[in-house]
Amino acid sequence: MTVARNALRKWEKVRAFALGLPGAAEEFPWSESVAKVNGKVFVFLGVADGSYPLGVTCKLRDETAHGHALASPGAEPAGYGLGKSGWVRIPLEEQGAPPAELLCDWVEESYRTIAPKRLIAELDAR
């Protein structure tokens, strides 16, 4: 299975954005990429090798953003019970998938939900 070039570019932009947030670090639990802050995951990035459909999963507490994300083609509440807490998986290869800029907005919202106040203040000061 090959990854669509457009989807891969979006994924790379979202990954770079997430890892550029204050205190963010990439780890690879379950053989997939995640971005963490203060030891807690704020975005699941999955894998980009084509072995699984490309997508991102983030925590969206804002009702408007959450609804908008779920309205994206192929989007669904995250598995393993995470969907109950506002986590949404958004596929990147679907026709009409959100642009990278919107995905980055959602990643930032997820980060703000997870990050400590001092790192949020650092982000706001940028």
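Predicted model: local features only at pLDDT ≥ 70, side-chain atom pairs only at ≥ 80, totals over all residues.
Residues are numbered from 1 along each chain as its sequence is written, and side-chain values use heavy atoms, with hydrogens and water left out.

The residue in question sits in helix 3 (residues 100-114); helices (H or I, at least four residues) and strands (E, at least two) are DSSP runs numbered from the N terminus. A salt bridge is a side-chain nitrogen of Lys or Arg within 4 Å of a carboxyl oxygen of Asp or Glu. Buried means under 20% relative accessible area, exposed over 50%, and partly exposed in between (1.4 Å probe, protein chains only). Leaving aside residues up to four places away in sequence, E109 touches K59, L60, R61, D62 and A65, where contact means heavy atoms within 4.5 Å.

Elsewhere, pairing does occur: the count comes to four salt bridges. Among them, E108 and R112 have their closest N and O atoms 3.0 Å apart. These two residues are four apart in helix 3, and so are separated by about one helical turn. E108 is partly exposed at 23% relative accessible area, and R112 is also partly exposed, at 30%. A further salt bridge joins R112 to D124 (2.6 Å, N to O). Because R112 lies in helix 3 and D124 in helix 4 (residues 117-124), this pair ties together parts that are twelve residues apart in sequence. Through shared partners, E108, R112 and D124 form one network of salt bridges.

Another salt bridge links E27 and K36, at 3.0 Å from N to O.

Turning to helix 1, its buried residues are A7, K10, W11, V14 and A18. They cover an arc of only 100° around the axis (taken from the directions from the helix axis to the C-beta atoms), which puts them on the same side of helix 1. What covers these buried residues includes strand 1 (24-27), strand 2 (33-37) and helix 3.
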